[in-house]
Amino acid sequence: MQLREIHIDRFGAAYDLKITGLKPGVNVLYGPNEKGKTTLIQFIRRVLFGFQSKKNENSYDSGDSGLGGRLVVETSRGETAVVYRKKGPRGGPVTVSFGDEVLEGASAIEQVAGQATPDLFRNIYAFTLDELQGLDTLEVDKVKGRIYGAGLGLGGVSLAEVMKTLDDQRGQLFKGRGTQPRLNGLQQEYERLNTELNAMKESLPEYDRINLEAGRLREKSGEWREAIRRDEELLQGLTLRHELYPVFLSMEEARQGLEALGLRIQFNESVFESMEKLVEEKKGLERRMQEEAGSLHSLEVKLQGLEVPRTFLEKTGEMEALRQSVEQVRSAMADVVARRNEYGQAVDQVQADIAALDPDWDEARVRAFTFTEAELAEVEQMARTLAELGQKDRDARAKLEFHREQKAAEGSGRPRIPEWLNMFVYGFSGGGLILLLAGLSVSETGMMLGGLALMAGAGLLFFNLRKRAVDFETGDGMEQKLEADQAQAQDAHDKAMAQWWDWLGQRGLGQGLTPQKIDSLWSRIRQIKTRIADQAALQRRIEGMEQIVRRAEELVADLGRSCPGFSPGQDLAANMTLLIREWDAVRGSEQEMRQLTEQIRDVEGRVARLKEQAGVNGKALDALFREAEVHSEEALREKFERYREQQALEKARQLAERRIQERVGKGGDYKRFIESLHEARPDELALELERVRQSLESNQQAREVFLGEIGGLEEKAKSLVSGEALRDTRARLETTRAALNRYSRDWAVLTLARTLLTRAKKRYETERQPAVIKSAETCFASVTAGVYDKIIKPLDTDDLHIRDTGGRTKGVLEMSRGTREQLYLCLRLGLIEEYESRAEPLPVVMDDVFVNFDDDRKPRIVELLRQFSEDRQVLMLTCHRQTRDLCLEHGAHAVEW
């Protein structure tokens with residue numbers, strides 16, 4: 001089952017609340033505090049499993065009779081159902097609708113929720129942060145049984161109880177330093193008997209003499225015992241006659257009473273019981289006929305006072321149309337003025353927007369203007385083309401300018417003379433210098449003058465070259481190429497712009513628009529078109545409201561002519577309400593008339609049936625009188641009373657006879673005892689009883705003296721060692737040894753059983769765990785990124801132990817609060833998987849359960865819930881925007897409410 005819609009009529013602070021758009025998977029319902037998230041969880045619980053009956057147990061019950069609402073759900077079979085429940089006894093009446101089929105009661109809930117119990121849903125499927133923070137909500141027997149269901153096949157017996165029983169039984173057999181256990185006591189007894197046996201000596205002669213004296217006294221005591229027996233028999237007979245004498249007298253009185261009544265009456269008691277029932281039935285029939293006659297008269301009087309205008313009732317169709325349009329008329333009359341003002345403002349706004357767009361445009365041109373997808377794509381292509389060509393033009397200009405600047409920088413401050421000519425001048429000057437230096441070194445004047453002449457010629461040549469350096473310059477080919485590239489790029493850009501202006505002209509747009517401004521222009525035009533459409537829709541709405549009012553006025557006028565006593569006023573809505581009330585009153589009168597007619601027919605039928613039953617009753621009474629051989633009710637009662645008296649006397653006689661027979665027996669003993677009672681006198685019995693009692697006491701006292709002497713002799717004999725005592729001691733010693741062996745074997749068996757159970761328990765806790773624990777273990781390892789890889793449920797307790805990857809084990813309470821809550825959430829997910837393997841799936845509803853999760857584990861738990869909800873539905877209620885955004889990042893569906 002999955003939720004699709006939630007409708008709250010009234011529940012707590014929620015009133016007329018509707019939540020729609022719920023989908024499979026994770027649904028996030030975001031809202032601030034006091035929004036009603038906890039109220040929503042409680043509402044889902046109550047609709048599915050019943051409202052609480054006591055107000056002090058239901059903080060959401062304001063006492064309003066409208067408490068309730070409905071859930072729209074989709075079952076696992078793909079059927080859509082509506083579950084509706086309202087406040088009432090035993091959780092409130094509930095209905096489940098599958099289209100035209102409507103089911104009622106708890107069995108109807110099973111059609112959508114399966115065999116889920118309130119405890120299972122409240123503790124596992126729908127929970128808040130407070131309920132998540134402990135395992136106490138998982139300790140309900142049915143929930144606990146599913147979590148800890150696997151075991152060693154012990155059924156309802158606890159392993160701890162079994163092991164405690166074994167320890168107790170072992171402790172009863174043996175303890176290292178104990179004295180109470182059986183083995184400890186038997187060992188001590190064995191040692192004592194062995195010591196006693198070793199210390200015994202042969203029997204003493206005094207033992208035989210004491211036995212002979214004791215035998216003589218026993219013979220004398222036997223004579224007194226015979227006398228006592230005779231007294232006891234006599235006392236018993238006298239006592240019996242004395243005690244049963246009153247019983248004998250009551251038996252005689254009953255016998256004499258029966259003889260006085262004479263001949264025995266044969267009577268069937270069922271006849272009297274049948275008469276009693278028939279007489280009571282007759283009285284009831286007479287009383288009911290009187291009541292029905294009174295009811296019939298009242299109904300006939302009430303029916304005569306009703307009048308119904310038939311002409312008005314024939315307007316059923318018109319009245320239904322009027323009833324359905326009341327709210328529309330009220331809304332239209334209240335809204336039409338505001339909508340007219342709104343329409344005027346809309347018209348002004350459209351004109352202002354068109355003027356701001358272009359003064360030459362009008363509304364018709366705006367409506368007719370459009371851009372196709374192809375044109376928008378063409379604009380986008382032109383924008384890219386113009387941008388590329390403009391960039392190429394700018395790049396070509398930049399390259400040309402950069403070349404010219406570089407060329408100017410390289411030629412600044414030096415002549416433009418070819419390099420070979422410079423080298424010639426430098427070589428000519430160098431030769432003159434060498435010649436001058438050589439002449440100086442050899443003091444040769446001619447050489448020195450020749451060197452000076454060469455140097456002077458080189459200087460003159462250098463001066464002339466500098467003066468005419470411009471004559472050596474030639475053309476720059478790179479600059480010419482760059483100028484040609486720049487001219488080509490500018491020409492391509494100008495042609496593209498011309499094409500763009502031509503495209504704008506074809507559509508009646510100014511050349512000042514760039515491709516980048518087209519999107520803004522089209523957006524403004526579409527906005528104006530939207531406002532024009534809104535303006536037209538508003539006009540149609542106004543016309544529709546005016547038409548509703550006109551139709552209502554026509555209906556009121558038509559119906560008013562058919563309604564007796566109707567006087568219309570100026571308020572149309574009030575006239576409609578008044579007509580509806582008159583119609584309901586007339587319909588009520590018509591319905592009441594039909595009901596009265598039906599009731600009169602029913603009462604007349606009941607009166608006829610009662611008369612028929614009264615006749616049958618009278619015939620049955622006459623038949624009973626004939627069967628009892630009487631002629632009236634009084635005679636039958638008198639005969640029954642006489643029969644009852646005979647029965648009582650006979651019962652008393654039989655009871656007395658049975659009491660006597662129980663004490664004395666039957667047959668001849670009984671007859672002799674009765675004869676003795678006939679001859680006995682109470683005073684004589686008392687005197688004889690006292691005499692025999694005194695004789696018995698005297699004989700018993702004398703015998704007690706002899707028994708005391710015999711006892712003293714026997715005690716003295718026991719103190720002496722005899723062969724009999726020796727055999728007895730040996731027998732007890734062997735018995736003690738056998739008991740020691742038997743109990744030692746029992747102790748060994750118990751010890752072995754406990755050892756085997758301990759090994760089995762350890763193996764189970766490491767190798768076998770319940771399916772819920774295994775599933776929760778996988779989830780918990782994923783959430784904690786493998787920090788904790790094992791959840792262990794010991795066999796002898798309901799506690800849980802958690803093991804980390806380092807092999808360290810800790811209890812639940814040793815973990816942090818956030819980690820505990822992650823464990824509890826994983827346990828619930830594991831239980832849901834195990835439960836839904838053979839039951840109807842249910843929606844999981846959680847209220848802000850991520851509050852204490854850290855930033856690393858929260859995304860992992862959200863991803864785990866996403867995977868978990870692939871074939872389920874999860875409703876996440878939160879007041880934290882970060883939690884909502886995180887869920888949405890992992891594919892959750894946002895639900896507005």
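Let's start with strand 3, residues 25–30, where five of the six residues are buried, and buried here means under 20% relative accessible area, with exposed over 50% and partly exposed in between, using a 1.4 Å probe and protein chains only. When I say strand or helix, I mean a DSSP run, E of at least two residues for strands and H or I of at least four for helices, numbered from the N terminus. Before going on, please keep in mind that this is a predicted model, where local features need pLDDT of at least 70, side-chain atom pairs count only at pLDDT 80 or more, and totals for chains, interfaces and linings use all residues. Residues are numbered from 1 along each chain as its sequence is written, and side-chain values use heavy atoms, with hydrogens and water left out.

So, who are the neighbours of strand 3? Strand 3 runs parallel to strand 13, residues 873–878, and six bridges join them. Two strands count as paired if DSSP finds at least two bridges between them. One example is Gly25, whose bridge partner in strand 13 is Gln873. Strand 3 also pairs with strand 14, residues 893–895, again in the parallel sense, over three bridges. There, Asn27 stands opposite His893.

Now zoom out to the sheet around them. Five strands form an open sheet in the order 8-12-13-3-14, with parallel pairing. At the edges are strand 8, residues 126–128, and strand 14, each pairing on one side only. Ignoring direction, neighbouring strands of this sheet are turned by 20 degrees against each other on average; axes are lines fitted to C-alpha atoms, for helices over the stretch in contact, and angles run from 0 to 180 degrees between N-to-C directions. Strand 12, residues 844–847, runs parallel to strand 13 and is joined to it by four bridges. Within that pair, Met846 has Met876 as its bridge partner. Helix 3, residues 118–125, packs on this sheet and touches strand 8 and strand 12, with its direction at about 45 degrees to that of strand 8. Contact means heavy atoms within 4.5 Å.

Six strands form an open sheet in the order 2-1-4-5-6-7, and here the pairing is antiparallel. Strand 2 (14–19) and strand 7 (101–104) each have a single partner strand, so one side of each is left without a neighbour in the sheet. From one strand to the next, the twist averages 15 degrees. Five bridges pair strand 1, residues 2–11, with strand 2 in the antiparallel sense, and Phe11 has Ala14 as its bridge partner in strand 2. Helix 1, residues 37–49, packs on the sheet, and among the strands it touches are strand 1 and strand 2; its direction makes about 100 degrees with that of strand 1. Helix 2, residues 106–113, packs on the sheet as well, touching strand 4, strand 5, strand 6 and strand 7, and its direction makes about 45 degrees with that of strand 6.

Two residues around here have backbone angles to look at. As background, most residues other than glycine have a negative phi. Asp16 is not a glycine, yet its phi is positive, about 50 degrees, and Asp16 lies in strand 2. Glu34 also has a positive phi, near 70 degrees, and sits in the loop between strand 3 and helix 1. Is Glu34 buried or exposed? Glu34 counts as exposed, because its relative accessibility is 80%.

Next, helix 20, residues 668–679. Its end C-alpha atoms are 17 Å apart, which agrees with the 16 Å that its 12 residues should span at 1.5 Å a residue; the expected span is 1.5 Å times one less than the number of residues. Which residues of helix 20 are buried? They are Tyr670, Phe673, Ile674 and Leu677. These four cover an arc of only 100 degrees around the axis, which puts them on the same side of helix 20; the arc is that of the directions from the helix axis to the C-beta atoms. Exposed on the other side are Lys671, Arg672 and Glu679.

One last stop: Leu831 lies in helix 24, residues 817–835, and counts as buried at 0% relative accessibility. Leu831 and Val772 are 59 residues apart in sequence, but their C-alpha atoms are 5.3 Å apart in space.
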